[in-house]
Amino acid sequence: WSTRTVSVDGQTASYVSCGRILDCVKVDAPDVSAGAGPIRVAGPALCSGFIPSRDRAEEPWLDTRDLGVIADGELVVTGRSDDLLCLAGRNLFAWELERAADGSPAIRAGNSAAVADGRGRYVLLFEPRSSDESVGDGAVRDIRRRLAAVAGIGPSGIGCLRRGTLPKTPSGKMRRNRIAADLGKFIDSCVSYTEF
């Protein structure tokens with residue numbers, strides 16, 4: 001495998017290349033010099049529909065909802081557009097915030113979710129490391145400090161949920177879209193919630 005250095009909203013990092021693009025598929029993505037952008041694909045092997053159904057506005061192109069670049073004929077995926085949060089004029093991936101929050105001793109690693117709050121900021125929901133599900137003010141301040149260091153802006157709220165509450169896919173990925181769609185319900189079910 002090989003890596004490529006790619007700029008995502010002015011921040012550069014190394015990403016693993018997916019390899020050369022096959023002749024049987026067309027891929028539309030920005031050149032590495034332009035920085036990461038939407039990846040679209042077309043070709044005879046493309047699916048004819050979705051379950052559940054969703055629009056395919058730009059036939060024959062399919063918006064993969066992935067972001068990335070083409071570097072020297074190779075596709076490099078940098079993230080998902082639905083995991084991208086626009087905060088204080090910066091684009092950040094939710095996983096960047098979650099990784100920072102997971103450094104807190106109060107959070108069970110891999111069990112935090114950063115989602116947009118609908119007002120230009122974000123909320124972090126997490127499951128506690130301790131099974132007693134209590135999180136003190138000091139832990140909340142520590143989490144907020146970690147998030148602000150990454151985002152340049154603190155969250156509008158931090159909520160502690162009971163263990164096993166955050167929805168995940170069968171492969172263990174966080175279902176942020178579901179959390180964002182039902183954010184009010186998730187906040188209401190928090191053991192503790194601090195609003196800023």
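Mentor: Happy to! D142 sits in helix α2, which covers residues 137-151; here helices (H or I, at least four residues) and strands (E, at least two) are DSSP runs, numbered from the N terminus. Please keep in mind that this is a predicted model, where local features need pLDDT of at least 70, side-chain atom pairs count only at pLDDT 80 or more, and totals for chains, interfaces and linings use all residues. Residues are numbered from 1 along each chain as its sequence is written, and side-chain values use heavy atoms, with hydrogens and water left out.

Is D142 buried or exposed? D142 counts as buried because its relative accessibility is 16%, and buried means under 20% relative accessible area, exposed over 50%, and partly exposed in between (1.4 Å probe, protein chains only). Leaving aside residues up to four places away in sequence, D142 touches S104 and P105, where a contact means heavy atoms within 4.5 Å.

Now let us step back to the whole chain. Its secondary structure comes to four helices and twelve strands. Of the 196 residues of the protein chain, 39% count as buried. Among contacts between residues at least 6 apart in sequence, 56% join residues at least 24 apart. Finally, the C-alpha trace of the protein chain spans about 55 × 35 × 30 Å along its principal axes.
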